[in-house]
Amino acid sequence: MSDDSDRTGRVSRRTFIATTGTVGIAGLAGCGGQSGGGGDGGDGGDGESDPDPTATETPSDMGGSTETAADDGDSPATSLLNAEGSSTVYPISNTGSSYWNSNAPPSDGEYWGSNSESTVPGWEQLGEPDMLIADYFASKFGFEPTEQRSSPPFPTTVGLSHSGTGCEAVTEGLVDIGNSSGPITAELDWSEEKAQNTVVDNVVGRDGQPVVVSSDVIDAGVTQLTGEQVRGIYQDEITNWSQIDGIDYDQEIYAIGRAEGSGTDTSFRLNMLGGADAAMPGVDTRFGQNQQVAQAVSQNEGAIAYMALAFTSETVVPVGIDFEGTLYEPDRDAENTIFDSDYPLNRDLHMYTLIEEDNPNGGGYDAREAAFVNMFLNEFGQTVFVEGNNYIPLPTSDLESMKEKVSALATEDLVMP
């Protein structure tokens, strides 16, 4: 990645509000893989977390390399499944972890959605299961059901850092799943061949990466921009909102970027600027998490940023982007929308697993990884974990392709959901 420094001269002419707190869906955690949430199963799937800053990881907390076999020697290992990485993928992964650890029964409509007041689409397509939620998905891969709420066949936890860290952690064997909102080839500067021989790319959803502005910019009439105008802002060619055609708003632009190494930053450079290493001299400041970006936009006038859909709000407002005459709007019902796969900033959301040569299961998964990933790859998982966090469900053809990767490990006497 290029080393874009903050333009301290320009920032000094602004009133900048320090943003180290949290907003939106998820709490912040350090980059060292500290557990982010989902461990207690008691948050109802909202993705909020309160990491214990005094907690210390033990070897049993560090993922796949510390698996312990079940007592009979034939059942899959039941050690902690550990994921880490992208703050964009975090809401999906952490909500799934919360559901998994709750191991709730079908009668709990908040989770399975089977009661008369709250039916989640996709529950019926799974065959209206009568098992606890983690028991159901784990049983497809040889795990014995516990039949106990809040006691899944194996526990899961999700750490919050960014895509580059998640990709590094999974390839180094520190975690079982590396969450990333950018392709691992760009995050680690790998060739496609190396990626295909090292990891399995589990795509669980998509993000129509929006460009957002602060509410004062919306009030000034900026509801859409062209791709060239966005490029001009981030390449330091447009520095005041009054330079936008038709806008009478004399306000210096405060351009916010994600940290270098984050999947959001990598994807934005690839899709908007044409290369993962494209220079962005127009950036005034960078933040490591989507939550911090959202807070900075909401607390600063003249702000613009690129981020994940899940973190938009009334004060962090997506604008329409006109790419070569086609306007993509932040409205799902529009003719062309940022929720469409044709939107140029649309990107895949990844849960990478490591291919291990001595893995007896093959396919790049152990049974825990396959069981957990499989929970996202059906209408139920896409509705609850992907669309429920304001992301874009996978098209049917892509979903079927992903399920084929995982289903090879399913037990023969059970039908894959």
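Guide: A residue counts as buried when its relative accessible area is under 20%, and as exposed when that area is over 50%. We shall apply this cut-off to a predicted model.

Visitor: Is Tyr-249 buried or exposed, and what is its relative accessible area?

Guide: Because the limit for a buried residue is 20%, Tyr-249, with a relative accessible area of 18%, is buried. Its place in the chain is the loop between H8 and E10.

Visitor: Which residues does Tyr-249 touch, apart from those up to four places away in sequence?

Guide: With those set aside, Tyr-249 touches Asp-216, Val-217, Ala-220, Asn-240, Trp-241 and Ser-242. With Asp-216 there is also a polar contact between the two side chains, at 2.5 Å. Gly-221 lies 28 residues from Tyr-249 along the chain, and the C-alpha atoms of the two are separated by 8.7 Å.

Visitor: How should I read the confidence of the model, and what pLDDT does the protein average?

Guide: Where pLDDT is low, the predicted coordinates should not be read in detail. The protein averages a pLDDT of 81, and 77% of the residues score at least 70. Over residues 1–71, however, pLDDT stays under 50, although the model has 176 contacts beyond four places in sequence for this stretch. Residues 412–416 likewise have a pLDDT below 50, with seven contacts in the model beyond near neighbours in sequence.

Visitor: How many helices and strands are there in the protein?

Guide: The protein has 13 helices and 16 strands. Of its 417 residues, 58% count as buried, and the protein exposes about 16,600 Å², of which carbon and sulfur atoms supply 43%. Among the contacts with a separation of 6 or more, 74% are made by residues 24 or more positions apart.

Visitor: In what order do the five strands of the open sheet stand?

Guide: In a regular strand the side chains alternate between the two faces of the sheet. In the case you ask about, the order is E11-E10-E12-E8-E13, and the pairing is mixed. Strand E11 (285–287) and strand E13 (316–318) stand at the edges, and each has a single partner strand, so one side of each is left without a neighbour in the sheet. On average, neighbouring strands of this sheet are turned by 30° against each other, direction ignored.

Visitor: Which strand is joined to strand E10 by two bridges?

Guide: Strand E10 (residues 254–258) is joined in this way to strand E12 (residues 303–306), and the two run parallel. Tyr-254 has Ala-303 in E12 as its bridge partner. H8 packs on the sheet, where it touches strand E8 (211–214), E10 and E12, and its direction makes about 105° with that of E12. Helix H10 (residues 290–299) lies across E8, E10, E11, E12 and E13, running at about 170° to E10.

Visitor: Which strands form the open sheet of three?

Guide: That sheet has the order E9-E14-E15, again with mixed pairing. Its edge strands are strand E9 (224–226) and strand E15 (326–328), each of which pairs on one side only. Neighbouring strands of this sheet are turned by 25° against each other on average, direction ignored. Helix H8 (residues 227–234) lies across E9 and E14 and runs at about 80° to E9.

Visitor: In which sense do E9 and E14 pair?

Guide: E9 and E14 pair in the parallel sense over three bridges, with Gly-320 in E14 as the bridge partner of Gln-224. Strand E14 (residues 320–323) is also joined to E15 by three bridges, but these two run antiparallel. Across that pairing, Phe-323 stands opposite Thr-326 and Ile-321 stands opposite Tyr-328. The hairpin of E14 and E15 has two residues between the strands, and in this hairpin Glu-324 takes a positive phi near 50°.

Visitor: With which side chains does the side chain of Arg-347 make a polar contact?

Guide: Arg-347, in strand E16 (residues 346–354), is buried with a relative accessible area of 4%. The side chain of Arg-347 makes a polar contact with the side chain of Asp-207 at 2.8 Å, and another with the side chain of Ser-181 at 3.0 Å. Leaving aside neighbours within four places in sequence, Arg-347 is in contact with residues including Thr-88, Gly-205, Gln-209, Gly-263, Ser-267 and Met-307.

Terms used
Residues numbered from 1 in each chain as written. Heavy atoms only, no water. Pairing = 2+ DSSP bridges. Helix = DSSP H or I, 4+ residues; strand = E, 2+ residues; numbered from the N terminus. Axes fitted to C-alpha atoms, helices over the stretch in contact; angles between N-to-C directions. Contact = heavy atoms within 4.5 Å. Buried < 20%, exposed > 50% of the residue type's maximum accessible area, 1.4 Å probe, protein only. Polar contact = N/O pair within 3.5 Å; in protein donor to acceptor, adjacent residues only side chain to side chain. Areas by Shrake-Rupley, 256 points an atom, 1.4 Å probe, with all protein chains shown as cover. pLDDT = per-residue confidence, 0-100.
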